[in-house]
Amino acid sequence: MSKQATLNIGDKEYTLKILTGSEDEHALDISILRKESNFITYDDGYGNTGSCESDITFIDGDKGVLRYRGFDIAELAEKSNFLETCFLLFNGELPNSSELDNFKTKVFSHSTLPSPVEKVIHSMSGNSHPMGVLSSALQALGGCFPHLCTNTRPADIDSFQEAASLIVASIPSIAASTYRSSKGENMPEIGNVFSYCENFLHLMFGSASAEPIDSSISKALDLIFLLHADHEQNCSTSTCRMIASGGANAFASLSGAVSALWGPLHGGANMAVIRMLNEIHSAGDDGSQFIQSAKEGKSRLMGFGHRVYRNYDPRAKILKSACDQALEALGVESPILDIARNLETSALQDEYFIARKLYPNVDFYSGIILQAMGFPTNMFTVLFALGRAPGWLAHWKEIATNGKRIHRPRQIYQGSTHRPYVGLGDR
Ligand code: CMC
(Lines give C-alpha, C1' and ligand atoms only; values in the text may rest on other atoms or scores of the structure.)
Protein backbone atom coordinates (compact mmCIF):
# COMPACT_ATOMS: atom_id res chain seq x y z
CA MET A 1 0.00 0.00 0.00
CA SER A 2 1.34 3.40 -1.04
CA LYS A 3 2.04 5.88 1.76
CA GLN A 4 0.39 8.73 -0.13
CA ALA A 5 -2.58 9.57 -2.34
CA THR A 6 -3.02 12.23 -5.01
CA LEU A 7 -6.02 14.53 -5.18
CA ASN A 8 -6.71 16.60 -8.31
CA ILE A 9 -8.81 19.75 -8.04
CA GLY A 10 -8.98 21.56 -11.37
CA ASP A 11 -5.46 21.60 -12.75
CA LYS A 12 -3.80 21.41 -9.32
CA GLU A 13 -2.52 18.23 -7.74
CA TYR A 14 -2.24 17.71 -3.97
CA THR A 15 -0.38 14.95 -2.20
CA LEU A 16 -2.10 13.55 0.87
CA LYS A 17 -0.45 11.27 3.43
CA ILE A 18 -2.08 7.89 4.03
CA LEU A 19 -2.32 6.85 7.69
CA THR A 20 -2.54 3.14 8.47
CA GLY A 21 -3.90 1.88 11.78
CA SER A 22 -2.68 -1.16 13.71
CA GLU A 23 -5.62 -3.20 12.33
CA ASP A 24 -4.75 -2.15 8.75
CA GLU A 25 -7.41 0.55 8.47
CA HIS A 26 -6.52 3.38 6.09
CA ALA A 27 -7.21 7.11 6.17
CA LEU A 28 -6.33 10.07 3.99
CA ASP A 29 -4.69 12.76 6.10
CA ILE A 30 -6.30 15.96 4.83
CA SER A 31 -4.89 18.25 7.53
CA ILE A 32 -2.90 20.31 4.97
CA LEU A 33 -5.75 20.53 2.44
CA ARG A 34 -7.34 23.85 3.35
CA LYS A 35 -4.02 25.59 3.82
CA GLU A 36 -2.79 24.46 0.42
CA SER A 37 -5.99 24.45 -1.67
CA ASN A 38 -8.58 26.52 0.23
CA PHE A 39 -10.92 23.49 0.10
CA ILE A 40 -12.32 21.72 3.12
CA THR A 41 -13.95 18.28 3.14
CA TYR A 42 -17.68 17.80 3.76
CA ASP A 43 -19.01 14.78 5.68
CA ASP A 44 -22.47 15.31 7.16
CA GLY A 45 -22.72 13.37 10.45
CA TYR A 46 -18.97 12.50 10.33
CA GLY A 47 -19.70 8.99 8.96
CA ASN A 48 -16.42 9.07 7.02
CA THR A 49 -14.29 11.20 9.28
CA GLY A 50 -11.56 9.97 11.59
CA SER A 51 -11.36 12.67 14.28
CA CYS A 52 -8.29 11.28 16.05
CA GLU A 53 -5.83 8.42 16.39
CA SER A 54 -6.71 6.32 19.45
CA ASP A 55 -5.41 3.14 21.07
CA ILE A 56 -8.36 2.39 23.35
CA THR A 57 -11.06 0.49 21.44
CA PHE A 58 -11.21 -1.26 18.07
CA ILE A 59 -14.45 -1.96 16.18
CA ASP A 60 -14.80 -3.78 12.88
CA GLY A 61 -18.45 -3.05 12.14
CA ASP A 62 -18.63 -5.31 9.07
CA LYS A 63 -17.39 -8.35 10.98
CA GLY A 64 -19.08 -7.49 14.31
CA VAL A 65 -15.78 -7.22 16.24
CA LEU A 66 -15.32 -5.13 19.40
CA ARG A 67 -12.11 -5.07 21.44
CA TYR A 68 -11.01 -2.99 24.42
CA ARG A 69 -7.22 -2.45 24.39
CA GLY A 70 -6.92 -5.51 22.10
CA PHE A 71 -9.06 -7.87 24.21
CA ASP A 72 -12.14 -9.32 22.56
CA ILE A 73 -15.42 -8.24 24.19
CA ALA A 74 -16.70 -11.85 24.39
CA GLU A 75 -13.57 -12.93 26.27
CA LEU A 76 -13.77 -9.98 28.66
CA ALA A 77 -17.49 -10.69 29.19
CA GLU A 78 -16.67 -14.27 30.13
CA LYS A 79 -13.51 -13.77 32.21
CA SER A 80 -13.31 -10.19 33.45
CA ASN A 81 -15.57 -7.85 35.39
CA PHE A 82 -16.50 -4.18 35.28
CA LEU A 83 -13.92 -2.78 37.72
CA GLU A 84 -11.07 -4.75 36.16
CA THR A 85 -12.22 -3.47 32.75
CA CYS A 86 -12.21 0.10 34.10
CA PHE A 87 -8.57 -0.36 35.11
CA LEU A 88 -7.77 -1.81 31.67
CA LEU A 89 -9.37 1.13 29.88
CA PHE A 90 -7.64 3.71 32.11
CA ASN A 91 -4.18 2.16 32.01
CA GLY A 92 -3.97 0.10 28.83
CA GLU A 93 -3.11 -3.17 30.64
CA LEU A 94 -4.93 -5.64 32.86
CA PRO A 95 -4.06 -5.09 36.55
CA ASN A 96 -2.10 -7.56 38.67
CA SER A 97 -3.84 -8.54 41.91
CA SER A 98 -2.33 -5.80 44.09
CA GLU A 99 -3.08 -3.14 41.45
CA LEU A 100 -6.67 -4.39 41.29
CA ASP A 101 -7.00 -4.41 45.09
CA ASN A 102 -5.65 -0.86 45.30
CA PHE A 103 -8.02 0.32 42.61
CA LYS A 104 -11.03 -1.30 44.31
CA THR A 105 -10.03 0.17 47.68
CA LYS A 106 -9.82 3.61 46.09
CA VAL A 107 -13.23 3.22 44.43
CA PHE A 108 -14.90 1.97 47.63
CA SER A 109 -13.34 4.79 49.65
CA HIS A 110 -15.35 7.27 47.56
CA SER A 111 -18.79 5.61 47.64
CA THR A 112 -20.39 8.12 50.03
CA LEU A 113 -21.52 11.25 48.21
CA PRO A 114 -20.36 14.63 49.55
CA SER A 115 -23.35 16.46 51.03
CA PRO A 116 -23.29 19.35 48.46
CA VAL A 117 -23.85 16.73 45.73
CA GLU A 118 -26.76 15.25 47.71
CA LYS A 119 -28.15 18.79 48.04
CA VAL A 120 -27.98 19.36 44.27
CA ILE A 121 -29.83 16.07 43.66
CA HIS A 122 -32.54 16.89 46.21
CA SER A 123 -32.91 20.48 44.99
CA MET A 124 -33.78 19.48 41.43
CA SER A 125 -37.46 19.30 40.56
CA GLY A 126 -39.15 15.91 40.82
CA ASN A 127 -39.86 16.26 37.10
CA SER A 128 -36.15 16.48 36.25
CA HIS A 129 -34.99 13.51 34.22
CA PRO A 130 -32.32 11.42 36.04
CA MET A 131 -29.91 12.15 33.14
CA GLY A 132 -30.27 15.89 33.78
CA VAL A 133 -29.67 15.26 37.48
CA LEU A 134 -26.59 13.13 36.72
CA SER A 135 -25.09 15.79 34.46
CA SER A 136 -25.55 18.47 37.17
CA ALA A 137 -24.40 16.17 39.97
CA LEU A 138 -21.11 15.47 38.15
CA GLN A 139 -20.40 19.19 37.96
CA ALA A 140 -21.29 19.49 41.66
CA LEU A 141 -18.98 16.57 42.45
CA GLY A 142 -16.08 18.34 40.75
CA GLY A 143 -16.91 21.44 42.78
CA CYS A 144 -16.32 19.44 45.98
CA PHE A 145 -12.80 18.46 44.82
CA PRO A 146 -11.42 21.63 43.19
CA HIS A 147 -7.86 20.24 43.22
CA LEU A 148 -9.03 17.48 40.80
CA CYS A 149 -10.56 19.88 38.28
CA THR A 150 -8.29 22.86 37.89
CA ASN A 151 -8.72 23.12 34.10
CA THR A 152 -4.94 23.19 33.88
CA ARG A 153 -2.63 20.53 32.56
CA PRO A 154 -0.57 18.68 33.63
CA ALA A 155 -2.31 19.14 37.06
CA ASP A 156 -5.57 17.49 35.91
CA ILE A 157 -3.64 14.67 34.21
CA ASP A 158 -1.57 14.07 37.35
CA SER A 159 -4.76 13.68 39.40
CA PHE A 160 -6.52 11.53 36.78
CA GLN A 161 -6.43 8.26 38.78
CA GLU A 162 -7.98 9.99 41.79
CA ALA A 163 -10.65 11.77 39.71
CA ALA A 164 -11.46 8.62 37.72
CA SER A 165 -11.95 6.40 40.78
CA LEU A 166 -14.04 9.13 42.44
CA ILE A 167 -16.31 9.36 39.38
CA VAL A 168 -16.61 5.56 38.96
CA ALA A 169 -17.54 5.32 42.66
CA SER A 170 -19.96 8.25 42.66
CA ILE A 171 -22.18 7.56 39.63
CA PRO A 172 -23.98 4.58 41.28
CA SER A 173 -24.50 6.67 44.43
CA ILE A 174 -25.82 9.61 42.37
CA ALA A 175 -28.17 7.27 40.47
CA ALA A 176 -29.46 5.64 43.66
CA SER A 177 -29.84 8.94 45.48
CA THR A 178 -31.83 10.35 42.52
CA TYR A 179 -34.10 7.30 42.56
CA ARG A 180 -34.57 7.32 46.34
CA SER A 181 -35.21 11.06 46.30
CA SER A 182 -37.92 10.64 43.62
CA LYS A 183 -39.66 8.21 45.98
CA GLY A 184 -39.17 10.37 49.08
CA GLU A 185 -36.88 7.74 50.63
CA ASN A 186 -33.46 7.95 52.30
CA MET A 187 -30.47 5.99 51.06
CA PRO A 188 -29.44 3.00 53.19
CA GLU A 189 -25.88 2.84 54.56
CA ILE A 190 -23.17 1.75 52.12
CA GLY A 191 -22.30 -1.88 52.87
CA ASN A 192 -18.58 -2.80 53.09
CA VAL A 193 -19.06 -6.46 52.24
CA PHE A 194 -20.66 -5.82 48.89
CA SER A 195 -19.12 -5.87 45.42
CA TYR A 196 -19.50 -2.77 43.21
CA CYS A 197 -22.78 -3.96 41.65
CA GLU A 198 -24.12 -5.51 44.86
CA ASN A 199 -23.53 -2.19 46.55
CA PHE A 200 -25.38 -0.37 43.77
CA LEU A 201 -28.34 -2.78 43.96
CA HIS A 202 -28.36 -2.38 47.74
CA LEU A 203 -28.39 1.44 47.45
CA MET A 204 -31.20 1.29 44.87
CA PHE A 205 -33.49 -1.34 46.32
CA GLY A 206 -32.09 -2.62 49.63
CA SER A 207 -33.29 -1.84 53.11
CA ALA A 208 -31.31 -0.76 56.18
CA SER A 209 -30.81 -4.40 57.19
CA ALA A 210 -28.47 -5.03 54.21
CA GLU A 211 -30.00 -8.32 53.10
CA PRO A 212 -27.89 -10.47 50.72
CA ILE A 213 -28.09 -9.66 47.00
CA ASP A 214 -28.72 -12.53 44.55
CA SER A 215 -25.29 -12.96 42.91
CA SER A 216 -26.77 -13.94 39.52
CA ILE A 217 -28.51 -10.55 39.39
CA SER A 218 -25.45 -8.52 40.37
CA LYS A 219 -23.34 -10.48 37.87
CA ALA A 220 -25.84 -9.75 35.06
CA LEU A 221 -25.68 -6.05 35.95
CA ASP A 222 -21.86 -6.15 36.03
CA LEU A 223 -21.95 -7.71 32.55
CA ILE A 224 -24.22 -4.95 31.22
CA PHE A 225 -21.80 -2.31 32.55
CA LEU A 226 -18.77 -4.10 31.09
CA LEU A 227 -20.43 -4.38 27.67
CA HIS A 228 -21.15 -0.65 27.65
CA ALA A 229 -17.73 0.43 28.94
CA ASP A 230 -16.40 1.88 25.67
CA HIS A 231 -17.37 2.17 22.03
CA GLU A 232 -14.76 4.45 20.43
CA GLN A 233 -15.87 7.72 18.82
CA ASN A 234 -19.65 7.58 19.38
CA CYS A 235 -21.72 10.74 19.94
CA SER A 236 -21.15 11.07 23.72
CA THR A 237 -17.48 10.07 23.62
CA SER A 238 -16.80 12.52 20.80
CA THR A 239 -18.58 15.16 22.90
CA CYS A 240 -16.37 14.29 25.87
CA ARG A 241 -13.25 14.56 23.70
CA MET A 242 -14.48 17.82 22.16
CA ILE A 243 -14.98 19.40 25.59
CA ALA A 244 -11.63 18.03 26.81
CA SER A 245 -9.86 19.43 23.73
CA GLY A 246 -10.68 22.92 24.98
CA GLY A 247 -8.79 22.14 28.19
CA ALA A 248 -11.79 21.35 30.42
CA ASN A 249 -11.44 18.94 33.34
CA ALA A 250 -12.82 15.39 33.44
CA PHE A 251 -15.91 16.26 35.54
CA ALA A 252 -17.04 18.94 33.06
CA SER A 253 -16.24 16.72 30.08
CA LEU A 254 -18.27 13.81 31.50
CA SER A 255 -21.15 16.10 32.42
CA GLY A 256 -21.37 17.09 28.73
CA ALA A 257 -21.03 13.47 27.61
CA VAL A 258 -24.01 12.54 29.81
CA SER A 259 -26.14 15.15 28.00
CA ALA A 260 -25.01 13.81 24.62
CA LEU A 261 -25.88 10.25 25.65
CA TRP A 262 -29.40 11.22 26.72
CA GLY A 263 -30.99 11.36 23.24
CA PRO A 264 -33.19 8.52 21.90
CA LEU A 265 -30.90 7.80 18.95
CA HIS A 266 -27.99 7.21 21.34
CA GLY A 267 -28.19 6.06 24.98
CA GLY A 268 -31.87 6.91 25.29
CA ALA A 269 -32.65 4.03 22.90
CA ASN A 270 -32.80 1.52 25.78
CA MET A 271 -35.77 3.45 27.21
CA ALA A 272 -37.31 3.83 23.78
CA VAL A 273 -37.11 0.05 23.19
CA ILE A 274 -39.21 -0.67 26.28
CA ARG A 275 -41.72 2.06 25.37
CA MET A 276 -41.98 0.55 21.87
CA LEU A 277 -42.40 -3.03 23.17
CA ASN A 278 -45.07 -1.92 25.67
CA GLU A 279 -46.97 -0.05 22.94
CA ILE A 280 -46.85 -3.09 20.66
CA HIS A 281 -48.06 -5.26 23.55
CA SER A 282 -50.97 -2.98 24.48
CA ALA A 283 -52.02 -2.70 20.82
CA GLY A 284 -52.36 -6.52 20.77
CA ASP A 285 -49.78 -6.69 17.97
CA ASP A 286 -47.25 -9.55 17.90
CA GLY A 287 -44.74 -7.20 16.26
CA SER A 288 -45.68 -7.78 12.61
CA GLN A 289 -47.72 -4.58 12.23
CA PHE A 290 -44.91 -2.60 13.84
CA ILE A 291 -42.34 -4.06 11.44
CA GLN A 292 -44.57 -2.99 8.57
CA SER A 293 -44.84 0.59 9.88
CA ALA A 294 -41.03 0.74 10.37
CA LYS A 295 -40.57 -0.34 6.74
CA GLU A 296 -42.97 2.39 5.62
CA GLY A 297 -40.90 4.94 7.56
CA LYS A 298 -43.78 5.68 9.97
CA SER A 299 -41.82 4.42 12.99
CA ARG A 300 -38.33 3.25 13.85
CA LEU A 301 -37.51 -0.19 15.18
CA MET A 302 -35.68 0.99 18.30
CA GLY A 303 -32.72 -1.15 19.36
CA PHE A 304 -32.00 -1.95 15.71
CA GLY A 305 -29.39 -0.47 13.43
CA HIS A 306 -26.05 1.09 14.18
CA ARG A 307 -23.84 3.64 12.47
CA VAL A 308 -20.82 1.38 12.69
CA TYR A 309 -22.12 -2.21 12.87
CA ARG A 310 -23.36 -3.59 9.58
CA ASN A 311 -23.52 -6.98 11.26
CA TYR A 312 -24.86 -8.32 14.57
CA ASP A 313 -23.67 -6.05 17.39
CA PRO A 314 -21.44 -8.46 19.40
CA ARG A 315 -22.75 -6.94 22.64
CA ALA A 316 -26.36 -7.74 21.66
CA LYS A 317 -25.42 -11.40 21.09
CA ILE A 318 -24.00 -11.66 24.63
CA LEU A 319 -26.92 -9.76 26.15
CA LYS A 320 -29.49 -11.91 24.42
CA SER A 321 -28.36 -15.03 26.29
CA ALA A 322 -27.76 -13.03 29.52
CA CYS A 323 -31.36 -11.83 29.20
CA ASP A 324 -32.70 -15.40 29.15
CA GLN A 325 -30.57 -16.34 32.19
CA ALA A 326 -31.44 -13.20 34.19
CA LEU A 327 -35.16 -13.62 33.61
CA GLU A 328 -34.96 -17.22 34.70
CA ALA A 329 -32.98 -16.29 37.85
CA LEU A 330 -35.51 -13.58 38.66
CA GLY A 331 -38.42 -15.90 37.93
CA VAL A 332 -39.92 -13.16 35.75
CA GLU A 333 -42.23 -13.90 32.82
CA SER A 334 -41.94 -11.12 30.27
CA PRO A 335 -44.56 -10.87 27.52
CA ILE A 336 -42.50 -8.13 25.91
CA LEU A 337 -39.53 -10.52 25.65
CA ASP A 338 -41.64 -12.70 23.34
CA ILE A 339 -42.47 -9.63 21.25
CA ALA A 340 -38.77 -8.70 21.14
CA ARG A 341 -37.88 -12.20 19.93
CA ASN A 342 -40.61 -12.01 17.25
CA LEU A 343 -39.41 -8.62 16.10
CA GLU A 344 -35.84 -9.85 15.87
CA THR A 345 -36.74 -13.02 13.93
CA SER A 346 -39.01 -11.13 11.50
CA ALA A 347 -36.57 -8.27 10.93
CA LEU A 348 -33.62 -10.57 10.31
CA GLN A 349 -35.60 -12.30 7.53
CA ASP A 350 -37.05 -9.15 6.01
CA GLU A 351 -35.59 -7.67 2.83
CA TYR A 352 -35.89 -4.06 4.16
CA PHE A 353 -33.66 -4.80 7.18
CA ILE A 354 -31.35 -7.17 5.28
CA ALA A 355 -30.69 -4.63 2.50
CA ARG A 356 -29.86 -1.90 5.02
CA LYS A 357 -27.83 -4.26 7.20
CA LEU A 358 -29.92 -3.49 10.28
CA TYR A 359 -29.29 -5.87 13.20
CA PRO A 360 -30.14 -5.73 16.92
CA ASN A 361 -27.84 -3.40 18.85
CA VAL A 362 -26.83 -3.34 22.53
CA ASP A 363 -30.05 -1.62 23.57
CA PHE A 364 -32.41 -4.22 22.19
CA TYR A 365 -32.17 -6.64 25.14
CA SER A 366 -30.55 -4.55 27.90
CA GLY A 367 -33.80 -2.71 28.76
CA ILE A 368 -35.68 -5.98 29.23
CA ILE A 369 -33.11 -7.20 31.78
CA LEU A 370 -33.03 -3.86 33.59
CA GLN A 371 -36.81 -3.75 33.76
CA ALA A 372 -36.93 -7.29 35.17
CA MET A 373 -34.40 -6.22 37.84
CA GLY A 374 -36.82 -3.51 38.91
CA PHE A 375 -35.13 -0.42 37.45
CA PRO A 376 -37.68 2.18 36.33
CA THR A 377 -37.49 2.97 32.62
CA ASN A 378 -36.28 6.54 33.14
CA MET A 379 -33.16 5.20 34.92
CA PHE A 380 -32.02 3.00 32.00
CA THR A 381 -29.93 5.67 30.29
CA VAL A 382 -28.30 6.54 33.63
CA LEU A 383 -27.20 2.89 33.81
CA PHE A 384 -25.77 3.21 30.28
CA ALA A 385 -23.87 6.31 31.51
CA LEU A 386 -22.59 4.39 34.54
CA GLY A 387 -21.25 1.68 32.24
CA ARG A 388 -19.82 4.15 29.70
CA ALA A 389 -18.09 6.40 32.28
CA PRO A 390 -14.74 4.48 32.16
CA GLY A 391 -14.69 4.82 28.36
CA TRP A 392 -15.30 8.57 28.56
CA LEU A 393 -12.58 8.85 31.21
CA ALA A 394 -10.07 6.85 29.15
CA HIS A 395 -10.76 9.12 26.17
CA TRP A 396 -10.47 12.21 28.37
CA LYS A 397 -7.06 10.98 29.52
CA GLU A 398 -5.97 10.19 25.97
CA ILE A 399 -6.82 13.62 24.64
CA ALA A 400 -5.54 15.44 27.72
CA THR A 401 -2.23 13.61 27.36
CA ASN A 402 -1.79 13.48 23.57
CA GLY A 403 -4.19 16.04 22.10
CA LYS A 404 -2.44 18.80 20.22
CA ARG A 405 -5.18 21.22 19.19
CA ILE A 406 -8.67 22.31 20.21
CA HIS A 407 -11.33 20.45 18.17
CA ARG A 408 -12.99 22.84 15.81
CA PRO A 409 -14.72 21.58 12.65
CA ARG A 410 -15.43 23.88 9.69
CA GLN A 411 -18.75 24.31 7.87
CA ILE A 412 -20.19 25.12 4.46
CA TYR A 413 -22.17 28.29 5.08
CA GLN A 414 -25.52 28.26 3.23
CA GLY A 415 -27.23 31.29 4.82
CA SER A 416 -27.89 34.87 3.56
CA THR A 417 -25.06 36.73 1.96
CA HIS A 418 -24.18 40.17 3.33
CA ARG A 419 -27.19 42.50 3.74
CA PRO A 420 -27.82 45.84 5.49
CA TYR A 421 -29.53 46.05 8.89
CA VAL A 422 -33.20 47.20 8.70
CA GLY A 423 -34.43 49.44 11.55
CA LEU A 424 -37.37 48.19 13.68
CA GLY A 425 -39.85 50.70 12.20
CA ASP A 426 -39.01 49.70 8.60
CA ARG A 427 -39.60 45.94 8.96
N1 CMC B 1 -35.69 1.07 11.99
C2 CMC B 1 -36.08 1.23 10.70
N3 CMC B 1 -35.27 1.73 9.73
C4 CMC B 1 -34.04 2.08 10.09
C5 CMC B 1 -33.56 1.92 11.41
C6 CMC B 1 -34.44 1.40 12.36
N7 CMC B 1 -34.04 1.23 13.63
N8 CMC B 1 -32.30 2.35 11.48
C9 CMC B 1 -31.96 2.76 10.25
N10 CMC B 1 -33.02 2.60 9.40
C11 CMC B 1 -33.05 2.87 7.96
C12 CMC B 1 -33.12 4.37 7.69
O13 CMC B 1 -34.46 4.81 7.61
C14 CMC B 1 -32.39 4.45 6.38
O15 CMC B 1 -33.26 4.00 5.36
P16 CMC B 1 -33.19 4.65 3.88
O17 CMC B 1 -31.81 4.32 3.37
O18 CMC B 1 -34.29 3.98 3.13
O19 CMC B 1 -33.39 6.12 4.08
C20 CMC B 1 -31.27 3.42 6.52
O21 CMC B 1 -31.79 2.44 7.44
C22 CMC B 1 -29.96 4.00 7.06
O23 CMC B 1 -30.25 4.63 8.30
P24 CMC B 1 -29.52 5.91 8.88
O25 CMC B 1 -30.48 6.65 9.77
O26 CMC B 1 -28.85 6.66 7.79
O27 CMC B 1 -28.40 5.25 9.75
P28 CMC B 1 -27.49 6.00 10.78
O29 CMC B 1 -26.19 5.32 10.73
O30 CMC B 1 -27.49 7.48 10.58
O31 CMC B 1 -28.25 5.78 12.18
C32 CMC B 1 -28.96 4.79 14.18
C33 CMC B 1 -27.87 4.81 13.11
C34 CMC B 1 -28.50 3.91 15.34
C35 CMC B 1 -29.17 6.23 14.75
C36 CMC B 1 -30.27 4.25 13.55
O37 CMC B 1 -30.07 2.93 13.06
C38 CMC B 1 -31.43 4.27 14.54
O39 CMC B 1 -32.10 5.32 14.65
N40 CMC B 1 -31.69 3.14 15.28
C41 CMC B 1 -32.73 3.13 16.29
C42 CMC B 1 -32.21 3.84 17.55
C43 CMC B 1 -31.21 2.96 18.31
O44 CMC B 1 -31.46 1.78 18.55
N45 CMC B 1 -30.10 3.60 18.76
C46 CMC B 1 -29.10 2.92 19.58
C47 CMC B 1 -27.80 2.75 18.88
S48 CMC B 1 -26.71 1.60 19.76
C49 CMC B 1 -26.34 2.42 21.22
C50 CMC B 1 -25.41 3.56 20.99
O51 CMC B 1 -24.23 3.31 20.68
O52 CMC B 1 -25.84 4.69 21.15
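Guide: Start with Phe90 and Phe103: both are buried. Buried means under 20% relative accessible area, exposed over 50%, partly exposed in between (1.4 Å probe, protein chains only). This is a predicted model: local features need pLDDT of at least 70, side-chain atom pairs pLDDT 80 or more, while totals for chains, interfaces and linings use all residues. Residues are numbered from 1 along each chain as its sequence is written, and side-chain values use heavy atoms, without hydrogens and water.

Visitor: Why is the pair of Phe90 and Phe103 called edge-to-face?

Guide: Rings of Phe, Tyr and Trp (its six-membered ring) pair if their centres lie within 6.5 Å; planes under 30 degrees apart count as stacked, over 60 as edge-to-face and the rest as tilted. The ring centres of Phe90 and Phe103 are 6.1 Å apart and their planes stand at 85°, so the pair is edge-to-face.

Visitor: Which parts of the chain does that pair link?

Guide: Phe90 sits in helix 3 and Phe103 in helix 4, 13 residues apart. Helices (H or I, at least four residues) and strands (E, at least two) are DSSP runs, numbered from the N terminus. The protein chain has 19 helices and six strands.

Visitor: What makes Phe87 and Phe103 an edge-to-face pair?

Guide: Their centres are 6.1 Å apart, with 70° between the planes. Phe87 and Phe103 are both buried. The structure holds 15 aromatic pairs.

Visitor: How much of the protein chain is buried?

Guide: Buried residues make up 48% of its 427 residues.
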